[in-house]
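Hi,

Here's the structure I said I'd pass along.

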Amino acid sequence: MRRSDLGEFEEVVLLAVAALSPNAYTVAIAEELERETGNIVTSGAVHAAMQRLEQKHYLKSVWGEATAERGGRRKRLYAVTGLGGRVLEESRAVRNRLWDRILPAIRLEWN
Amino acid sequence: MLLAPHVREEVLGDLQERYVQRVQSQGVSKARRRYWLETLAYMRPAFIKRQKNKYSSTGRQSAGRKSAGRHSAGRQTAEPSALYYCHNMILNYLKIALRNLKRQKVSTSINVIGLAIGLATCILIMLYVQDELSYDRYNEKADRIFRVAQKVRLNGDDVGGPTLGQSAATDLKQQVPEVLKATRFRGQGGEFVSYGTSSFKEDNLLVADSSFFDVFSIPFLKGNPKRALTEPNTVVITDETARKYFGNDDPIGKVLSFGREKIPYRITGVVSNVPASSHFRFDMLASFAADEEEHAGWIYRMNYYTYVLLPEHHDFKKVEAKIARLAEKQIGGELQQWLKLTPEQFRAKGDDFGILLQPLTGIHLYSAFGTAELSPGGTIMYVYVLSAIAAFMLLIACVNFMNLSTATAVRRSREVGVRKVLGSVKGQLRQQFLIESLLLAIVALLVGLLIVAVALPFFNQLTSKALTMNLLTNSSVVAGLIAGTVLVGLLAGSYPAFYLASFKPVLVLKGGFSAGRGNFNLRSGLVVFQFFVTISMIIATVTADRQLRYMQSQKVGFDREQVLVIQNTDMLRNNEAVFRDQIIQSPQVITSSISGQVPVGNSIMDKTTVMSKENPDQGVMSRFYFVDPEYIPTLAISMTQGRNFSKSFPTDSSAVILNETAIRALGWQQDPIGRELIGHTDDNGVKTYYRVIGVVKDFHFESLKQKIEPLVMFLGRNSGNILVKTRTDQIPTFLASLKQQWESFSPTAPFSYSFLDDRFEHVYASEQKIEQVLVLFSSLTIFIACLGLFGLATYTAEQRTKEIGVRKVLGASVGSVVALLCNDFIKLILIALVLASPIAWWGMNQWLNEFAYKVTIDWWIFGVAGLLAVGIALLTVSFQSIKAAMMNPVKSLRSE
């Protein structure tokens, strides 16, 4: 089994791509993450993360159409690949298993 | 834009989209701020790094982009430049370039060496020219300082000079409001200066106004510039001089004694040494004596170099006009006083007078006053000539480069063909070849700098300058040098680049391509040009050499062998004659004469008018020599008529001896002996007559540049030098004994001497230097031209391998093949010879016009230059030709 080399931010971006598909492109994801996390997310950071993901073959991309608000420039639409999906699933499974093993008493202490 | 091309469109689009959104939600200023922040977030390697291997089939980015590009072919927003400036391709070009250069070691080294020599020459000449142009620019107010010089025309000669009378500076300051400061200084010959027991002859002694330091920027190390020269008998010395006399002691307040009379001068300041790039030089700067002001006037005692400082941004021509009006009044008044002539009467004879302003920065290169200047000036001509030589050398090197690259092009035509078939466009090929030539140019620059570093000491010796590489550390110079090299690389590479890129791939790959005769025309033009320059240089060198030999072998009219000149004998005062009489006692001495005038070297002598008794209106400008009876025998000047001065004729004090030129000028060809001339007219109009007792054969009293002028010799006491005609071959012991005798008089001056023949050689030092420079440059051009020719011959021989093979099979001999190959080159060189001859002839004629006695430029010089060029060319070419001709035809024909 391949070592899952997925950073935290990368995972969030990957999830966001999956969530926003088929309209996932840099700006949309950055906006979405800003809304969800409340932190400032620059499109550059998102873009860099997506490039890394693409290199790892977790994402694929095609040129989308140009819109007026982009000054006539095309956007690049991203989608999660099968491999990416499996990695996401796996990572979620790992987390779920770990969550499940937390004793309820301890979770109570957090609140 | 730093962004890599493959992400550029996407990123820009992203940025703009968010910006537009934010403008709507948060307002323009905030959106703008965020825009910049976001932009900064792209400053990371992932975006800046260019995409790897754009042609790889796995490149998803480019594949995607290509398909998308097809959809949107109508609006091409992707930059077309992205296609060319891909760093992968450039790496590939570099690799191919290095491989090519390695494979063709000979042509590569020819190219690099040729270009390196061209660049090195250029840099050296640039250093020299820069130094020449930087004269006097060390002055902070350099562009506002002007020297007031006078232009005078007398009897059709321009006899103006850089100096004016004593009161000019004061008058200018007082009467011309634009003159902010005026200062003057005068030279003071050599002076013996002593402090305690140390005594030196100071040749660079100037006497100056206290305002000197207001005008010229020579920084004070000690003392106050405002008060330094205000009192009489004070002196400012340079740092170097201070060390010479006082070592590390503080010189301020110390007293130096000047000259025979031991006049005390108090040191009031120490300044840093005068920069080498100054048109005047001093080791000591003394204040004017109190009685200096007695000799008022503008043209009376014209010893003063007068400088004015004008306000900033002032048109000096206007001031010049104003000063000219003032000068008209003052000089006109003085003419009236001295010559009893009004300016109108003075001008009526065709004479003229006036002044001119010389910009300080132009004095070194443009002033035409020659020996009247304080230091020998440069010539703007030489600056132009040298710059032209530099340009030529560089041009030739570039031409070679183009020649060779074009010639080797055919070898690479297959590569070009393959590249084209695989999809290279012209632009890419051009880029490839330009990169190759840039690479070579940069290597050549490095080699050239190395050559400069090695050659600089020799070059300094040749030019007697102290040039350093320091100038090359100046950032703008470095930038210029690099830009120049890049330009040279691009220029030199442009022809091959465009030529190669235009090959038709089909033709090339079919193998039917060969450099046709049409291409040969351009290359032969280039060869003709090179040999044109080379032949001109050879002609110039040969002519200069002949002129120099001619001058040195020319009979000067006196015997310069075995004549010793003891200098500064006037410092012995009354003992001068005693010393001479002592010397004569020595068995090693034939004769000895005391004289102020030694025939060789620049004896600055005024010309004075003499008139014959019969014809007192017609003056003859002549030089006066005051000699003793031993003078003529010591120098072995031959007498054609009459007799020498003699102590047994007391009347000889009013006798003269003339030279033949003077006899001709006075119109006394028949029987000159016993005639009388008017030598001197005093203020009351009383004339003194001198009787001619002898005539000497013409002899050259200066260099052969000057014509022999009328000369009048008087019997008179004239101290300064003792000429000794010796018969010894033990010079060192003889000199030692002379020195001992000299010192027995305990004079203030040290014993110094020279030999007449050495002085004679010295007069032609500048011509010798020119010859050395010419020899150097012509050998360099020959070398470079040969490099080029060698490369071209290699190429031609290679091109015609098959032709030679066929010829040999059909029965041609080795000799006929060699002749065939050399024929082309010989023709070119003959064309070059025909072109070069008239131009070289004209140029050398100009140069020879400086000399009164000169060689003629004979036709055989052109023959020699042509033969030399042909010979050198044949030597270069024949190596390749013979190699090609000796080849076994089987080898060259088999591979068909």
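This is a predicted model: local features need pLDDT of at least 70, side-chain atom pairs count only at pLDDT 80 or more; totals for chains, interfaces and linings use all residues.

As for the overall build, chain B has 896 residues, 48% of them buried. Its secondary structure comes to 29 helices and 25 strands. If you take the contacts in chain B with a separation of 6 or more, 79% are between residues 24 or more positions apart.

The positive one is made up of Lys95(B), Arg99(B), Lys102(B) and Lys105(B). Helix H6 of chain B, covering residues 87–103, gives the largest share of this patch, with three residues. Arg99(B) sits in that helix, H6. Is Arg99(B) buried or exposed? Its relative accessible area is 51%, so Arg99(B) counts as exposed, given that the cut-off for exposed is over 50%.

The other patch is nonpolar: Tyr366(B), Met381(B), Tyr382(B), Tyr384(B) and Val385(B) together have about 540 Å² of accessible area. Here the most comes from helix H14 of chain B (residues 380–409), which provides four residues. Met381(B) is found in helix H14 too. With a relative accessible area of 49%, Met381(B) is classed as partly exposed, because that class runs between the 20% and 50% cut-offs.

Cheers

Conventions: Residues are numbered from 1 along each chain as its sequence is written. Chains are lettered from A and ligands numbered from 1 in the order in which they are written. Side-chain values use heavy atoms; hydrogens and water are left out. Helices (H or I, at least four residues) and strands (E, at least two) are DSSP runs, numbered from the N terminus. Buried means under 20% relative accessible area, exposed over 50%, partly exposed in between (1.4 Å probe, protein chains only). Contact means heavy atoms within 4.5 Å. Patches are made of residues with over 30% relative accessible area and no salt bridge: like charges are joined within 9 Å, nonpolar side chains (Val, Leu, Ile, Met, Phe, Trp, Tyr) within 5 Å. Accessible areas come from the Shrake-Rupley method with a 1.4 Å probe; for residues, only the protein chains shown count as cover. A salt bridge is a side-chain nitrogen of Lys or Arg within 4 Å of a carboxyl oxygen of Asp or Glu. Lys and Arg count as positive and Asp and Glu as negative; His and the chain ends are not counted. The place of a charge is taken as NZ of Lys, CZ of Arg, CG of Asp or CD of Glu.
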